[in-house]
Structures are given as C-alpha cells and as structure tokens.
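Please look through the sequence and the structure below before reading on. The numbered points that follow are notes for someone new to them.

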Amino acid sequence: MSTMNVLGTELVPCSYDPLTGYFRDGCCNTDESDLGSHLVCVKVTSDFLAFSTAKGNDLVTPRPEYRFAGLKPGDRWCLCANRWREALEAGFAPPVVLESTHLRALEFVTRAQLEKHRFHSALH
C-alpha cells in the first residue's frame, strides 16, 4: 500500500537536496518512532527560519555531525506538524507542498489551513 498525502493521492518526495524526512529518504514519511511528526513539506522562508531559530530550533546553522548543511530560503523541508501549526498561529507559516505532505498532518492541522498556505510552483 502506498503512503497517501493530504490530497488523497500518493505521497511524492519533498526534497533530495537538502535530503529531508524523518528517515532522510526525501519524503515526509513517518512511523511510531517519529515523535516529532515530520509530516509537512514546506518551502522555507527567511521569516520562518528566523521564527524557528527564535523558538530554539535553529535550522540554518550547519550540523555536519548530523549530515545537515543548514537550510536557506527556498529549500524544501519536512517540518514537524506542530512546528508548522505554531508558525501558522504566529503568522510565519511557510508555504506547504500539499502533494508531499503526509496524510497524518491532518491530525494536527486542517486541510483548509494547509491549502491556504499552498505553495504554487511555476510549473502549475
């Protein structure tokens, strides 16, 4: 059985560069060991990165010991669902790639909230 996204279709990869996902497989896949629920594929913005750092989650500074080069605006990343909701409530929610956002994200936020912040690529 394939993993589903919030649109009810097959989950598509979020990013291979930088390599994202709880399993570092490029997708916002999850299982019971993913306590952070890394479910929401976002395109990070400078405002969001500053917000996240201010909340104690520095996603900018490289951490070579974790094979993490640090994020820059425009990168796609599997974000914890609660962090996205927190950013939403504070007015800093980054755009969401719905096709790459795991169905379980709907346990934390509504589809309408995600769709309001949908990332529209130039290809669509």
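Are cysteine 14 and cysteine 41 buried or exposed?

1. Cysteine 14 is buried, and cysteine 41 is buried as well. Here buried stands for under 20% relative accessible area, exposed for over 50%, and partly exposed for what lies in between, with a 1.4 Å probe and protein chains only.

2. Some notes on the basis. This is a predicted model, in which local features need pLDDT of at least 70 and side-chain atom pairs count only at pLDDT 80 or more, while totals for chains, interfaces and linings use all residues. Residues are numbered from 1 along each chain as its sequence is written, and side-chain values use heavy atoms, with hydrogens and water left out.

3. The average pLDDT (the predictor's confidence in each residue, from 0 to 100) is 93 for the protein, and 96% of the residues score at least 70. Helices (H or I, at least four residues) and strands (E, at least two) are DSSP runs, numbered from the N terminus.

4. The protein has 2 disulfides, a disulfide being a pair of cysteine sulfur atoms within 2.5 Å. Cysteine 14 and cysteine 41 form one of them, with their sulfur atoms 2.1 Å apart. The link of cysteine 14 and cysteine 41 is right-handed, at 80 degrees about the S-S bond. Cysteine 14 lies in the segment before E1 and cysteine 41 in strand E1, so this pair ties together parts that are 27 residues apart in sequence.

5. Cysteine 28 and cysteine 78 also form a disulfide, with sulfur atoms 2.1 Å apart. Their link is left-handed, at -95 degrees about the S-S bond. Because cysteine 28 sits in the segment before E1 and cysteine 78 in strand E2, the pair ties together parts that are 50 residues apart in sequence. Cysteine 28 and cysteine 78 are both buried. With bonded cysteines counted along the chain, the disulfides follow the pattern 1-3, 2-4.

6. Cysteine 27 is in no disulfide, and the nearest cysteine sulfur, that of cysteine 78, is 7.2 Å away. Cysteine 27 is buried, at 12% relative accessible area. The sulfur of cysteine 80 is 9.8 Å from the closest cysteine sulfur, in cysteine 78, which is too far for a bond. Cysteine 80 is partly exposed, at 21%.

7. Helix H1 (residues 46-54) has Phe48, Leu49, Phe51 and Ser52 as its buried residues. They cover an arc of only 160 degrees around the axis, so they lie on the same side of H1; the arc is that of the directions from the helix axis to the C-beta atoms. On the other side of H1, Asp47 and Ala54 are exposed. The buried residues of H1 pack against strand E2 (76-80) and helix H2 (81-90).

8. Serine 52 of helix H1 has a relative accessible area of 0%. Apart from neighbours within four places in sequence, serine 52 is in contact (heavy atoms within 4.5 Å) with Asn57, Asp58, Leu59 and Arg83. Just after H1, glycine 56 takes a positive phi of about 95 degrees.
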